[in-house]
Amino acid sequence: MLPKKDERPVDVYFNRLNASHRNPTNRLLHFICVPLMLFGALGIAWAIPFPHLAFLGTYNEMFNWASFLIAFCVYYTLKLSPILSYTMLLVLFALSYGVSQLAVWEQAGGIPLIWMGTLFLALAWLGQYIGGKKEGNEASFKDDTQLVLITPIWVLYSLFKRFGWKY
């Protein structure tokens, strides 16, 4: 599909995702499972030990691998849609707060964060698989792996579109 003259690259991606996600159940599962995937990925990244870097001083405790995951997500989407990228940053901060609470729970004797992150990620992938089965296209992400990176902002785009907000 060739882009229209006034169409942005992000719109081309969104049109491709819209074309392969028409089933209402599949779309609903995306609204539930994509944030859960992000939450699980953040949890796993947060749980991986981060090296102590002396030059960070007192800020050492504020950095972990999830920080880099957040930075990558925001940077990757910034050129596509700054507004959706900034919104994604806010969503990632909210999810990070949840992950940080799970980390506190782990320190208090709860389930290890890496297990919780893996559980959330596995449940989200299962939900995505079920949605794909419902759609009749359970392996659509294999067609274009870049769409996997676009899907989180596609979910935000769908919300923006529903409310009539510009993106």
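This is a predicted model: local features need pLDDT of at least 70, side-chain atom pairs count only at pLDDT 80 or more; totals for chains, interfaces and linings use all residues.
Residues are numbered from 1 along each chain as its sequence is written, and side-chain values use heavy atoms, leaving out hydrogens and water.

**Start with the whole chain.** Show it as a cartoon: you will find seven helices and zero strands (DSSP runs, H or I of at least four residues for helices and E of at least two for strands, numbered from the N terminus). Of the 167 residues, 39% count as buried, meaning under 20% relative accessible area with a 1.4 Å probe, protein chains only.

**Next, select H4 and H5 (residues 113-135).** These helices pack at an angle of about 135 degrees, with their axes 9 Å apart; axes are lines fitted to C-alpha atoms over the stretch in contact, and angles run from 0 to 180 degrees between N-to-C directions. Now show side chains: Val99, Leu102, Ala103, Trp105 and Glu106 in H4 meet Leu113, Met116 and Phe120 in H5, with contact meaning heavy atoms within 4.5 Å.

**Finally, visit the second largest pocket.** Select Trp46, Glu61, Asn64, Ala103 and Gln107, which lie nearest its centre among 14 lining residues. A pocket is an open set of 1 Å grid points where a 1.4 Å probe fits, with protein on both sides within 12 Å along at least five of seven lines, and lining residues have an atom within 4 Å of a point. H4 gives the most to this lining, with five residues.

Key
Buried means under 20% relative accessible area, exposed over 50%, partly exposed in between (1.4 Å probe, protein chains only).
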